Amino acid sequence: MNAPEPSLSHLAEVVPPLEQIVVACAIAQSQRIGAQPLIRGLDDAAFAALCARCLPDVPLTNGRSASAPFDEFDELFALLCDHASPRDELSVWLAAAIATAAQRDEHLWQDMGLPSRRELSAILNLRFPSLAALNDRDMKWKKFFYRQLCLRAEVPICKSPNCADCSDLAVCFGPED
């Protein structure tokens, strides 16, 4: 069963482009919760370029870039970059924003400051299409990403041989409100 394709039609008239809005939302969400850095994985020059393009005239600093000792930022950032299409500056910024937000506690779309899961799915399908296509059962994005990281590392994480037999089915595939 294929996941429903997210619609971008409600954002078609928006300027700046969807990608820039998503990055701006992620930065704004980081500011709201006092996260430092606002987006990990970017050096000062890359962060300055991001701000100039996505948040012109908003004075921002990215803060400290120290990583938590046991998080998966680097692995998730690499996974996203491996699937970026096109692999341009904006895709790298989005990968950094997504990997940063994924280290937080809520649903990924909430951690990124997006209005719903629909916008997150749209950006993943737009900028990381080969990775998004692997989520053909519409698993929650954070769970899906971490499952992909475990598959990459050849670390078995599932309680059951398939999702249909798993007692956590509702946790992985349930609604995100």
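**Entry 1**

I looked up leucine 18 and found it in helix H1; helices here are DSSP runs (H or I, at least four residues), numbered from the N terminus. The model is predicted, so I note that local features need pLDDT of at least 70 and side-chain atom pairs count only at pLDDT 80 or more, while totals for chains, interfaces and linings use all residues. Residues are numbered from 1 along each chain as its sequence is written, and side-chain values use heavy atoms, with hydrogens and water left out.

Leucine 18 counts as buried because its relative accessibility is 11%; buried means under 20% relative accessible area, exposed over 50%, and partly exposed in between (1.4 Å probe, protein chains only).

With a relative accessible area of 25%, alanine 28 is partly exposed. Its C-alpha atom is separated by 7.2 Å from that of glycine 113, 85 residues away along the chain.

**Entry 2: Aromatic pairs**

Rings of Phe, Tyr and Trp (its six-membered ring) pair if their centres lie within 6.5 Å; planes under 30 degrees apart count as stacked, over 60 as edge-to-face and the rest as tilted. The pair of tryptophan 141 and phenylalanine 144 is edge-to-face because the planes stand at 85 degrees, with the ring centres 5.6 Å apart. These two residues are separated by about one helical turn, because they are 3 residues apart in helix H8 (residues 141-152).

Phenylalanine 144 also pairs with phenylalanine 145, in a tilted arrangement with 5.9 Å centre to centre and 55 degrees between the planes. I recorded that Trp141, Phe144 and Phe145 form one aromatic cluster. Both tryptophan 141 and phenylalanine 144 are buried; the relative accessible area of phenylalanine 144 is 3%, and phenylalanine 145 is at 0%.

**Entry 3: The nonpolar core**

I examined the largest nonpolar core, which has 48 residues; such a core is a set of buried Ala, Val, Leu, Ile, Met, Phe, Trp, Tyr and Cys residues joined through side-chain atoms within 4.5 Å. Met112, Leu124 and Phe145 have the most contacts inside it. Helices supplying at least two residues each include H1, H4 (89-101) and H8. H4 gives the most, with 9 residues.

Finally, I listed what phenylalanine 145 touches, leaving aside residues up to four places away in sequence: Leu76, Leu79, Leu80, Ile98, Leu108, Leu124 and Leu131. Contact means heavy atoms within 4.5 Å.
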